[in-house]
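Biologist: I have a new structure to read. Please take me through the terms as we go.

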Amino acid sequence: MGSLITLVSAPKLRSRSSMVAEFLEKLNYDALFLDFSREIEEYVKMLAEGLPYSYVIGEIRRQGLIPESVANSWEYQAEPILRKLQHLKRLNPSLDIHCYGASSYEHLAAHIAVKIALLTLRSMTTRKVNPEAWRRLLEEEAKASRESIEDEADLLADQASKHPKNTCVYGVPYETFREKLAERRVQVRVIEVDPNYQPTPMEVLKREVALGTATDERIVQLVQAHVEYVRNYVLPSGSLDEAYERWVKAKRLEFKGGGRQSPS
């Protein structure tokens, strides 16, 4: 019989990370795997052992272990889980904590995020979409993501074999990662923190490009929806969580009113 992992899947939003943190307190496990870069594992363990949060985050930032371009958004989303670690360690002093994110992919993804922001700004100002530019960029990210998933599945399969019960925090969608773990004889039980999560236009676009199903017309459609999402919800909101919740609420009202639905 292979290893057993409980996969806690949640969108990259602070509110959902808070829900994950509460789930982690209720589950029973010997090892916890967090979807953070392996470069910060030492500091995450220090945090769990009781070092002050501000000191640990300051050291992570000072050493550039999280790319500067995404450091604020990363901490915003990760903080609820990071602050819960000391409590989890108190509950189970022998708890083994690992960060399994492939460092090379984390840095590439941050670089691509900057390029996406630039392409988004260009589309906002020119009201035009270059589907080929979007396709090239997102195919590059998809290729790197596939490679990182293989690498991360290898690491988890190896480390999880050392413990009877394992819990792994993962984003959405989780299906490919679950399949890769199953290929490595790992039994996976999935807990979806937000099973009704509605992916944003950019998340839909990334998924369809990765699957190879996005036509040029579909790319244009989804980029336009993404631009609308940024302009009407992200920019006027105080946080990404607020932007997302306002967008979901607007979509529900639109659906109830029989209006045009989002292309996502």
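Modeller: Start with exposure. Buried means under 20% relative accessible area, exposed means over 50%, and partly exposed lies in between (1.4 Å probe, protein chains only). This is a predicted model: local features need pLDDT of at least 70, side-chain atom pairs count only at pLDDT 80 or more, and totals for chains, interfaces and linings use all residues. Residues are numbered from 1 along each chain as its sequence is written, and side-chain values use heavy atoms, leaving out hydrogens and water.

Biologist: Why is R61 called partly exposed?

Modeller: R61 has a relative accessible area of 37%. That value lies between 20% and 50%, so R61 is partly exposed.

Biologist: What makes R61 and E75 a salt bridge?

Modeller: A salt bridge needs a side-chain nitrogen of Lys or Arg within 4 Å of a carboxyl oxygen of Asp or Glu. For R61 and E75, the N to O distance is 3.0 Å. The pair links helix α3 (residues 53-62) to helix α4, 14 residues apart. Helices here are DSSP runs of H or I, at least four residues, and strands are runs of E, at least two, numbered from the N terminus.

Biologist: Why does E75 count as buried?

Modeller: E75 has 17% relative accessibility. The limit is under 20%, so E75 is buried.

Biologist: How do you know that V8 is buried?

Modeller: V8 has a relative accessible area of 0%, so V8 is buried. V8 is found in strand β1 (residues 4-9).

Biologist: Why are K45 and E41 about one helical turn apart?

Modeller: They are 4 residues apart in helix α2 (residues 41-49), hence that spacing.
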